[in-house]
Amino acid sequence: MSAALEDLVRQTLCVISEGELCRKATAPEGWPQSKIQSLDQLNACADRAVAQAMRLILIVGEEELSRSLQLLNLKKEVYPQFIFGVLLVSKDPKNFLKKQGLPFHVLDILSDKEAKSQLDYFLLKSLRPQGISQGAGTKIIADTIAKLNSIFFCFSQEKVQDKLFEKIVTKAIEFGECSAATLFILKEQYSESYFVSKVFGELNTPLEIEKKRIPVFENSICGYVALTGKIHTLFNFQTGNSLVPGNYNRSYDYAITEGVDSIITLPLKNSHNEVEAVLQLIYKNDPNKVTGKRKTHFDFEDETLWTTFSTQAGICLESVELYADVQGLFEGFVRASVKAIEARDPSTGGHSERVAKMSVGLAKAVTESEVGTYRSVKFRDEEIRELEYAAMLHDFGKIGVREEVLVKAKKLHGSQLTGIKERIKICKAAAKIHLLENKLNSSALLHPKLELDYQKRSQELDHYWQIIQSSNSPSILKQEGVVALERIKRESLLLPDGQTISLLSDEEYQALSISQGTLTPDERLEIESHVKHTYQFLKMIPWTRDFKNLTEIAHCHHEKLDGTGYPRKLTSHQIPLQSKIMTIADIFDALTAKDRWYKESVPLEKATEILCEEVKQGKLDEALVEIFIAKQIYEHTILMPFNRVA
Ligand SMILES: [Fe+2]
Ligand SMILES: [Fe+2]
């Protein structure tokens, strides 16, 4: 105990009410104390304290609280120099606090169990405010505040939970000049609390990190702090002057060994006043080491500083947790959106994920490159995450494209092909009727010729059907095919009402005349509109600051450097570097994907050749394509399964 604290103890009269709850409470040996049974006796104690210029601390139960406070307040009115405080003993402290809060002058609220076993601890703790007010304790000097500020700034910069845990431990050791520190992360599930991570650090040695579920034991220091949310200080241990009961659980409380002088254990709370973690700090006297100016023990004055430290650390833990929650939310949202796209267009199953993987790979390769055009570009982790999400969502707008266009595998829609087939059948039936009518109205000698004409017509119609079927596939349409289609287009069908219709409608003829692929110009425009839909969708989402460019990156994934892309025909300087990266990954995957039934997949060498060709044409970024090929960014994705979504 520090000399200043010993002085405070000598000048503090401890008055213990002998009510039901406090009967077994006793102050530490040597502490000026009185046991009382009535208000008159309390009055006499207060008079004694005033006369001897002593502070008074009253330990009292709930039932006597209000009358006792009234009396002491009256005394203070008469003697303003009179200093007093109350330690309230309650059967159910939590409930009392919920109902009433902490009344003025009540320094702390203890359970009857704590009053019996840890009264000395709470008595000493209760001296702290008086000590500070009289300048007997810690002086919070400017450089300490500056140190704390820089620590909190360092905490607030951290967004990764595990890294913050490590920082709390190392900064605690550094700030407190401690021998060791342990941080336990607390979790609650189904009303049961347990520690899930433990980070242990010792002066000048690497941190030990353990991730396992550890039950919280009530009869241990860490468990006590976790469950009560109260700071716990143990000091002068080595001289046998322990001021709290020696309950330790060696599975997580720091092992009390020779040389351990003091232990302080702090709750790190969130903004709801719930304990998020427990930080335990150790001061150890090591006679074999030269400690220099390093502190070797705690006293109660330290609690003020450590309370500030733990409050800030608790808030930072909470905000990192919230940040992780938001990340998790976005991650879940992105994955769910990808599922939705792929459910709509099974042929692109896995496409978004592969494009994301290659985009991230290329962005990292750019960051690592020390030579070339992009040697000074260093993407931060957040920017890479932003690119990853943009790539996962780049084709989300396909959800706004008509399904029959989106999944169109042939040039004609199913209903169009059926219509043509029916019309050919009708033509055949008409030829048959024509044959029979002519047979009826002509001599038998002409019948063989009529039969021959009918056969010719029937074969011609079968041939038409074959041409239509072969032209319907997405392969390149040859010149003979174009001529044949023109001939079929000229064919007309006489209806019973005397009207004639073409065997092929204008629309069907145009669709079958597509030279490559399956889409008509209008359908191609409709497919291209997916970029606008992606943009409309993404801009509605209130992205956090880390993802502020995500919408623009995705919006540009079909733009080309020479202005021939869509939808805005941007040119190189208007396209974000991340979009240029994504475009390469997108084209490469579209070429090599093995799960598109409307086209063959292109071999790897051919795909890289096509990328290089696009570079020559000024459409893709040369330096990026070079890195993409040189670093074989595709090597992991090429092996990824091509998922089909049912
Ligand atoms: Fe796209
Ligand atoms: Fe795409």
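Visitor: Which strands does helix 2 lie across?
Guide: Helix 2 (residues 39-51) lies across strand 1 (12-17), strand 2 and strand 3, running at about 175° to strand 1. Angles run from 0 to 180 degrees between N-to-C directions, and axes are lines fitted to C-alpha atoms, for helices over the stretch in contact. Two residues are in contact if their C-beta atoms, placed from the backbone, lie within 7 Å. Bear in mind that this is a predicted model: local features need pLDDT of at least 70, side-chain atom pairs count only at pLDDT 80 or more, and totals for chains, interfaces and linings use all residues. Residues are numbered from 1 along each chain as its sequence is written, while chains are lettered from A and ligands numbered from 1 in the order in which they are written.

Visitor: And what about helix 4, which strands does that lie across?
Guide: Helix 4 (residues 93-100) lies across strand 4 and strand 5, at about 140° to strand 5.

Visitor: In what order do the strands of the open sheet come?
Guide: The order is 2-1-3-4-5, with parallel pairing among the 5 strands. Two strands pair if DSSP finds at least two bridges between them. At the edges, strand 2 (33-36) and strand 5 (106-111) each pair on one side only.

Visitor: How many bridges link strand 3 and strand 4?
Guide: Strand 3 (residues 55-61) and strand 4 (residues 84-90) pair over 6 bridges. Gly-61 stands opposite Val-89 in strand 4.

Visitor: New topic: at what angle do helix 12 and helix 21 pack?
Guide: Helix 12 (residues 381-393) and helix 21 (residues 577-592) pack at about 45°, their axes 11 Å apart. That makes helix 12 oblique to helix 21, as angles under 35 degrees count as roughly parallel, over 145 as roughly antiparallel, 65 to 115 as roughly perpendicular and the rest as oblique.

Visitor: Which residues make the contact?
Guide: Leu-387, Ala-390 and Ala-391 come from helix 12, and Gln-578, Ile-581, Met-582 and Ala-585 from helix 21.

Visitor: How many helices and strands are in the chain?
Guide: The chain has 23 helices and 14 strands. Helices (H or I, at least four residues) and strands (E, at least two) are DSSP runs, numbered from the N terminus.
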